[in-house]
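Hi,

Here is the model I promised to pass on.

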Amino acid sequence: EHGLRNPGQLQRDLLTLRNAGVRGVMTDVWWGLTEPTARKYNFTAYKDLAAMCQNTGLKLQVVMSFHRCGGNVGDTCNISLPSFVGEVGRRNSDIYYKDNDGRSDEEYITLGADNQALFGGRTPLDMYADFMNAFAAAMNNELGSVIDGVSVGLGPASELRYPGYQSDKGWKYCGVGEFQANDKYMRAALASAAQTAGHSEWGYAQPNNAGSWNSRPYNTGFFSSNGFDNYASDYGRFFLGWYSEMLMQHGDDVLSRAKKAFGNKKVELAVKVSGIHWWYGDNSHAAELTSGYYNTNNNDAYYTIAQRISKYADVFDFTCLEMTDSGNDCGSKPATLVQQAMTATQRAGLKFDGENALELCTNNCDQNGFNQIVAQASKGAMAHFTYLRLTRNLLDNVNNLNVFTNFVSKMASI
């Protein structure tokens, strides 16, 4: 039940990767699989995987995945949050983020509940700390040797963000998404912040003129440049400042616990940040805003994030490295966004790691995507690149494997 599925095949795959020049692999450590009962942990499969990597000559990076798998782009598995979290959620749906229609998002516990002792006397922050401490103890021999990096999950898809764009809620590219301050804990925090700001009228709810999942910025009051109470108004600045600060504080709170768990293990701590590239070319940066990245009103969201996480983490990991700017397509400017993130990371003194956002070898490999990654890496700011994902179509198709091996060789020579 807790072992590796098909270890023989996995061993062959790891050897194939090693022969292709790959230096290591990354895996999610799923909270929902490894803590089946509260405070009872089973990391056997990860022990076995680490041994397999060690024997193959590969490094292993692990992701503390406190989110659900299933329902997001590219998800090929269904792993829910631990059952003891689900039991609480059935009684109290406000432990989850909620969309404008009141539908719960069961991918990740709302950060509004971080300090609520709702789980057998534990808060979510307690549960994350207990989990990381248990993993550090169980993998003491592997950490700092075969395991050289730990990425700390801080939200949906293990990224530091709100679930602002969720395909299982009907979001489609390139909707602006929805703000996520609808559960009772987020609403209480908003009301308190508005009171402190001397504008209690700002604290009743999140913006009611920001559209819904698939709106365009220019069709909403909040994201349009001339809207009343828009993103640049006093109210807009208050809300966006509060919303992003709540996310930053969540990062601080979880990362400080990660540092306690892993600080003496000689591993690099990483934080993954999402490359939300659509509407980047719009003044509002609407899609970034709903996910908590305050990248408008003369704010540099990625420098803010990099500075905040630098207190505890070593690595800023960013996505969408394979994408190029595409003219007027939904204001999409991924390459420009990556440049902003790279520059911000360097300014904050962190290492910059990259990932692709979409799989590049669904049928035949996308050579343009690989070329773009090489071009971004050639700017000299990237420490590591992680290719998503390991699939049969990549490993069993000789042409695809050749393209990939050639890509790895180019990256290694940079």
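Glu355 is a charged residue that counts as buried, because its relative accessibility is 2% and the cut-off for buried is under 20%. Bear in mind that this is a predicted model. Glu355 sits in strand E8, which covers residues 351-355. Setting aside neighbours within four places in sequence, Glu355 has contacts with Met26, with Lys272, with the run Asp317, Phe318, Thr319, Cys320, Leu321 and Glu322, and with Phe385, Thr386 and Leu388.

Some of those names come back in the cavity. The structure has one cavity of 30 Å³ or more, and the volume of the largest cavity is about 100 Å³. Its lining is made of Met26, Gln61, Gly149, Val150, Ser151, Glu268, Ala270, Val315, Asp317, Asp353 and Thr386. Two or more lining residues each come from strand E5 (147-152), strand E6 (268-273) and strand E7 (315-318). Which element gives the largest share of the lining? That is E5, with three residues. By type, the lining residues split into four nonpolar, four polar and three charged.

On to Ser291, which is in the loop between helix H8 (286-290) and H9. Is Ser291 buried or exposed? Ser291 is buried, as its relative accessible area is 0%. Beyond the residues up to four places away in sequence, Ser291 touches Arg161, Tyr162, Gly164, Tyr165, Tyr243, Leu247 and Ile276.

Helix H9 (residues 301-309) packs against helix H10 (residues 334-348) at an angle of about 35°, and the two axes are 8 Å apart. Their crossing is right-handed. On the H9 side the contact is made by Ala301, Tyr302, Tyr303, Ala306 and Gln307, while H10 brings in Leu337, Gln340, Ala341, Ala344, Thr345, Arg347 and Ala348. Sorted by type, the residues in this contact are eight nonpolar, three polar and one charged.

Helix H4 (residues 83-91) has these buried residues: Phe84, Val85, Gly86, Val88 and Gly89. The cover over them includes helix H2 (31-34), strand E3 (96-98), strand E4 (104-109) and helix H5 (124-138).

Most residues other than glycine have a negative phi, and most peptide bonds are trans. Against that background, here is what I picked out:

- Tyr173 and Cys174 are joined by a cis peptide bond, with omega about 15°. Cys174 is in the loop between E5 and helix H6 (184-196).
- Leu388 and Arg389 are also joined by a cis peptide bond, with omega about 0°. Arg389 is in the loop between strand E9 (382-386) and helix H12 (392-395), and Leu388 is one of the contacts of Glu355.
- Ala157 has a positive phi, near 55°, although the residue is not glycine. Ala157 belongs to the loop between E5 and H6 and is partly exposed, with a relative accessible area of 25%.
- Lys266 has a positive phi too, near 60°. Lys266 lies in the loop between helix H7 (234-262) and E6, and is exposed at a relative accessible area of 74%.

Leu401 is in helix H13. With a relative accessible area of 18%, Leu401 counts as buried, since the limit is under 20%. Leu401 and Leu17 are 384 residues apart along the chain, yet their C-alpha atoms are separated by 9.3 Å. Leaving out residues up to four places away in sequence, Leu401 touches Thr16, Leu394 and Leu395.

Ser413 lies in the segment after helix H13 (398-412). Is Ser413 buried or exposed? Ser413 is exposed, with a relative accessible area of 62%.

Key: Residues numbered from 1 in each chain as written. Predicted model: local features only at pLDDT ≥ 70, side-chain atom pairs only at ≥ 80, totals over all residues. Heavy atoms only, no water. 1 Å grid on protein atoms, 1.4 Å probe; cavity = no way out; pocket = protein on both sides within 12 Å on 5 of 7 lines; lining within 4 Å. Points joined across faces, edges and corners; volume = space filled by probe spheres on them. Helix = DSSP H or I, 4+ residues; strand = E, 2+ residues; numbered from the N terminus. Axes fitted to C-alpha atoms, helices over the stretch in contact; angles between N-to-C directions. Left-handed = near helix turned anticlockwise from the far one by under 90°. Contact = heavy atoms within 4.5 Å. Buried < 20%, exposed > 50% of the residue type's maximum accessible area, 1.4 Å probe, protein only.
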